[in-house]
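The entries follow in the order in which I looked things up.

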Amino acid sequence: MAHGIRTDSHIGHTRHLRRDEWRDTATRYALLPLRVFLGVTFIYAGLDKLTDSAFMQASGSGSIGATMEGVRDISAIPALVDLSLKNPVGFGYAIALGELAVGIGTLIGLFARVAALGGALVSLSLWLTMSWHEEPYYYGNDLAYLMAWLPLVLAGASVFSLDALRAARRKKNSP
């Protein structure tokens, strides 16, 4: 004789909870692969520029100066390229150190939104100068990097980050 308890509804409820927990976990960790990819990529890009003796020159094959001269007339904002040509080596160091700072901040999740905004600005400037002329537009990777930074600008780094650690400490120490 049944006592009015439906065991199938209890099992269904448990499955529903597991599915919801899985979704919550997946949502919390969804941006982590993007953060790791962008962080490692920008660290690599910055180190690659800093260690390439040909790149950090005002002129010559493979130099930042020659590269900027080569894209000046096909960029969206030639004035931005002209500004970089006033001191191409300084500009090269600024880009390389900026990429390194953005990459480290993104990877460890320290001021992650600020780092992501820096990454978006670097990508935007590279798109408007270096890859603007790519046709069709989707051949230029700087636009894709710009779009990849935007979710991190909006959401920051909620897991495995120094920002999350700082937030947890603030929460613990607040009354």
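I count rings of Phe, Tyr and Trp (its six-membered ring) as a pair if their centres lie within 6.5 Å, with planes under 30 degrees apart taken as stacked, over 60 as edge-to-face and the rest as tilted. The model is predicted, so I kept to its limits: local features need pLDDT of at least 70, side-chain atom pairs count only at pLDDT 80 or more, and totals for chains, interfaces and linings use all residues. Residues are numbered from 1 along each chain as its sequence is written, and side-chain values use heavy atoms, with hydrogens and water left out.

Aromatic pairs. I found 7 aromatic pairs in the structure. The rings of Phe42 and Trp149 are edge-to-face, because their planes stand at 85° with the centres 5.0 Å apart. Phe42 belongs to helix H2 and Trp149 to helix H7, so this pair ties together parts 107 residues apart in sequence (helices are DSSP runs of H or I, at least four residues, numbered from the N terminus). I also noted that ring pairs link Phe37, Phe42, Tyr145 and Trp149 into a cluster.

Burial. Buried means under 20% relative accessible area, with a 1.4 Å probe and protein chains only; Phe42 is buried at 6%, and Trp149 is buried at 0%.

Core. I took a nonpolar core as a set of buried Ala, Val, Leu, Ile, Met, Phe, Trp, Tyr and Cys residues joined through side-chain atoms within 4.5 Å. The largest one has 15 residues, of which Leu38, Phe42, Trp149 and Leu152 touch the most other members; H2, H6 and H7 each give two or more residues to this core.

Note on methods
Buried < 20%, exposed > 50% of the residue type's maximum accessible area, 1.4 Å probe, protein only.
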